[in-house]
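Good morning, colleagues. Please turn to the sequence and the three-dimensional view on the screen, and I shall take you through the main features in turn.

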Amino acid sequence: MFYGDLTAYEYLAEDEFTDRESGFRSLSFRPSYLRLNVGWLEAGRPYRVGPVPAVFVKKLGEPCSR
């Protein structure tokens, strides 16, 4: 499965919140903001590799810290 970078995310229509400790699913919602595809890789499709700026790595990790 391949989605080009920065194309509109359409894989799942709704997001779901799950408490990872208990497994309890308590919320399912359709986000009001535009979600974009980034980094979907597929065998046989080329992708760029190489060093990236430090600011990119910092920005990439920001959602994980929230």
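**A walk through the predicted model**

I begin with an exposed leucine. L60 has a relative accessibility of 55% and counts as exposed, because the cut-off for that class is over 50%. This leucine sits in helix α1, which covers residues 54-61. Please bear in mind throughout that the model is predicted.

L60 also belongs to a nonpolar patch on the surface, together with V52, V55, F56 and V57. The accessible area of these residues together is about 470 Å².

Let me now place the helix in the overall fold. The protein has one helix and two strands. Along the sequence, these elements follow the pattern β-β-α. How much of the protein is buried? Of its 66 residues, 5% are buried.

I turn next to charged side chains. Side chains of opposite charge can pair when their charged atoms come close. How many salt bridges does a search of the whole structure find? The search finds one. The partners are E62 and K58, and their closest N and O atoms lie 3.8 Å apart. The two residues fall into separate accessibility classes. K58, at 57% relative accessibility, counts as exposed, whereas E62, at 24%, counts as partly exposed. The reason is that exposed requires over 50% and buried requires under 20%, so the value for E62 falls in between.

The next topic is the largest pocket. Its volume is about 460 Å³. Which residues lie nearest the centre of this pocket? They are D5, G39, Y47, R48 and V49, out of a lining of 19 residues. By class, that lining comprises 12 nonpolar, three polar and four charged residues.

Most residues other than glycine have a negative phi. L6, although not a glycine, has a positive phi of about 65 degrees. This residue lies in the segment before β1, the strand spanning 15-18. Is L6 buried or exposed? At 62% relative accessibility, L6 counts as exposed, because its value is over 50%.

Thank you for your attention.

Technical notes. Residues are numbered from 1 along each chain as its sequence is written. This is a predicted model: local features need pLDDT of at least 70, side-chain atom pairs count only at pLDDT 80 or more; totals for chains, interfaces and linings use all residues. Side-chain values use heavy atoms; hydrogens and water are left out. On a 1 Å grid over the protein atoms alone, a cavity is a set of points where a 1.4 Å probe fits but cannot get out, and a pocket is an open set with protein on both sides within 12 Å along at least five of seven lines; lining residues have an atom within 4 Å of a point. Grid points are joined across faces, edges and corners, and a volume is the space filled by probe spheres set on the points. Ala, Val, Leu, Ile, Met, Phe, Trp, Tyr, Cys and Pro count as nonpolar, Asp, Glu, Lys and Arg as charged, and the others, Gly among them, as polar. Patches are made of residues with over 30% relative accessible area and no salt bridge: like charges are joined within 9 Å, nonpolar side chains (Val, Leu, Ile, Met, Phe, Trp, Tyr) within 5 Å. Accessible areas come from the Shrake-Rupley method with a 1.4 Å probe; for residues, only the protein chains shown count as cover. A salt bridge is a side-chain nitrogen of Lys or Arg within 4 Å of a carboxyl oxygen of Asp or Glu. Helices (H or I, at least four residues) and strands (E, at least two) are DSSP runs, numbered from the N terminus. Buried means under 20% relative accessible area, exposed over 50%, partly exposed in between (1.4 Å probe, protein chains only).
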